[in-house]
Amino acid sequence: MNAKTAVTPSAASKPANGKKNRLLMLALPIIVAVLLLFVPVPAGLPPYAWHYFAIFVGVIVGLIFEPLPGAVIGLTGVVAIALCSQWVLFSPEQLADPKFKLAGASFKWAVSGFGNSTVWLIFGAFMFAAGYDKTRFGRRLALILVKYLGRRSLTLGYAITLADLLLAPFTPSNTARSGGTIYPIIANLPPLYGSKPNDPSARRIGSYLMWVAITAACITSSMFLSALAPNLLALALVKSIVGINISWGTWFIAFLPLGVLLILAMPLLAYWFYPPEVKINDEVPLWASRELAKLGKLSRNEILLLVFVCCALLMWIFAAAWIEPAMAALLIIGLMLWTGVLEWNDITGNKAAWNTFVWFATLVALADGLSATGFIGWLGKEGGMLMSGISPGVATIVLLLAFYLLHYLFASTTAHTTALLPAMLTIASTIPGMNMQVFVLLMVTSLGIMGIITPYGTGPSPIYYGSGYLPTKDYWRLGTIFGAIFLAALLLIGYPWMTMMF
């Protein structure tokens with residue numbers, strides 16, 4: 001056989017195996033949905049509601065395993081339900097009404113998520129992040145902190161944390177925040193200490209810096225409503241299912257004592273549990289100074305961006321009664337376009353923003369459908385019966401523990417939120433004496449910090465896990481330790497504080 005055309009059996013089998021695995025992942029959501037369709041309808045639940053739930057579970061399975069992008073999975077689920085709406089979405093009473101137009105009602109439901117204000121707020125926040133990236137203001141902030149706090153390893157950890165804290169309120173994707181600004185900067189730091197990835201020297205300082213960065217991303221994602229895209233999805237679900245509105249300020253106050261404590265303690269805890277070998281290095285501040293010099297003076301667009309995002313924050317906190325937060329975001333986007341901070345091509349070419357926009361719009365519609373078909377009401381009744389006799393305090397802790405620990409099963413906070421939050425909210429709402437405001441705040445503010453527990457738990461996790469500085473066994477060990485610390489802090493500090501305030 002010609003040497004140039006010879007292929008080893010193992011090399012030939014890899015593409016074949018990869019194709020088989022992909023086909024299996026593509027088929028899995030459909031298989032799960034079909035199997036559920038043939039399961040007998042539970043007592044007390046209309047058949048069409050169970051059929052809707054079967055397709056919904058298929059969508060969740062698709063979001064977990066992601067054989068296709070999340071937006072494609074969500075859009076497929078919406079289209080499938082709309083096409084089969086007479087069997088899975090609308091009740092016999094609705095269909096029997098002579099004035100009911102099936103085709104029009106199906107389409108109206110399918111695109112309902114695109115009119116949701118929270119979805120537009122997510123989109124607007126992505127445009128803010130684009131402004132940070134284009135003007136390089138985010139990079140400037142991080143470099144300033146490294147310049148003044150970078151001499152000691154511990155203070156460098158605090159510099160990374162503060163950089164994430166400053167960017168978080170205006171960056172709804174912690175993946176974009178970490179992958180676009182924080183990681184590119186800190187990836188330059190370990191070599192200055194002779195710390196290399198996938199090498200014993202990684203522990204000199206690279207491992208410590210990467211672990212601080214991922215923990216900071218998780219904490220700030222819980223601290224601000226606008227710091228994590230699933231936070232905004234959770235906001236829409238809460239409003240739809242239990243009718244509670246959570247403002248930017250309410251969210252911030254609810255997590256404030258816990259957030260401040262974790263921000264202050266986390267770099268030190270990482271220093272104790274995962275200590276760097278190098279404690280002091282004078283080269284890092286010098287490197288940051290050189291990088292800042294390359295950026296030059298604060299540009300006109302950076303100044304305008306700073307003014308605009310501060311105005312947006314003020315409107316989100318203090319003016320929500322007069323201007324819808326999503327409208328405030330659209331106003332700021334318009335100002336950025338008129339002043340040249342952003343160009344129209346920056347918006348049309350932002351694939352991440354449009355992908356998230358479509359993804360979340362379809363998920364909002366799918367989650368609303370669970371309520372519209374009566375499935376959520378039935379689930380709440382059944383769940384309430386199971387938890388009857390349990391005090392509201394114990395029920396709150398049990399449901400929060402389940403919600404938090406089940407994140408081990410999810411590689412997406414979005415999928416976790418869509419799959420479990422409606423069920424938890426519905427069950428809690430049936431328990432007599434439950435303080436729903438406090439329960440809701442505990443649930444939604446846990447979404448960021450739970451991402452620390454696994455190497456796949458949140459968007460930035462694979463970035464730092466794949467850096468070569470965090471070995472698998474170290475990541476799982478530290479994820480368990482810090483996940484337990486975060487959960488204990490939420491229960492022992494956050495829960496009493498929220499109860500007192502709300």
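A salt bridge is a side-chain nitrogen of Lys or Arg within 4 Å of a carboxyl oxygen of Asp or Glu. I kept that in mind while reading this predicted model.

**Entry: salt bridges**

I found that the structure holds 9 salt bridges. I looked up Glu-291 and Arg-139 and noted that their side chains form a salt bridge at 2.8 Å, N to O. Glu-291 lies in helix 14 (residues 283-295) and Arg-139 in helix 8 (residues 137-149), so the pair ties together parts that are 152 residues apart in sequence. I checked the cover of Glu-291 and Arg-139, and both are buried.

I then turned to Asp-282 and Arg-151, whose side chains meet in a salt bridge at 2.6 Å, N to O. Asp-282 sits in the loop between helix 13 (248-273) and helix 14, and Arg-151 in the loop between helix 8 and helix 9 (153-167), so this pair links parts that are 131 residues apart in sequence. Asp-282 is partly exposed at 45% relative accessible area, and Arg-151 is partly exposed at 40%.

I also read the salt bridge of Lys-473 and Asp-474, at 3.3 Å, N to O. Lys-473 is exposed at 62%, whereas Asp-474 is buried at 8%. Lastly, I noted a network of salt bridges that links Lys-134, Glu-343 and Asp-346.

**Entry: a helix pair**

I looked at helix 20 (residues 392-405) and helix 24 (residues 472-501), whose axes come within 12 Å and cross at roughly 155°. Angles over 145 degrees count as roughly antiparallel, and helix 20 and helix 24 are therefore roughly antiparallel to each other. I recorded their crossing as right-handed.

How values were computed. Residues are numbered from 1 along each chain as its sequence is written. This is a predicted model: local features need pLDDT of at least 70, side-chain atom pairs count only at pLDDT 80 or more; totals for chains, interfaces and linings use all residues. Side-chain values use heavy atoms; hydrogens and water are left out. Axes are lines fitted to C-alpha atoms, for helices over the stretch in contact, and angles run from 0 to 180 degrees between N-to-C directions. Helices (H or I, at least four residues) and strands (E, at least two) are DSSP runs, numbered from the N terminus. Angles under 35 degrees count as roughly parallel, over 145 as roughly antiparallel, 65 to 115 as roughly perpendicular and the rest as oblique. A crossing is left-handed if the near helix is turned anticlockwise from the far one by less than a right angle, and right-handed if clockwise. Buried means under 20% relative accessible area, exposed over 50%, partly exposed in between (1.4 Å probe, protein chains only).
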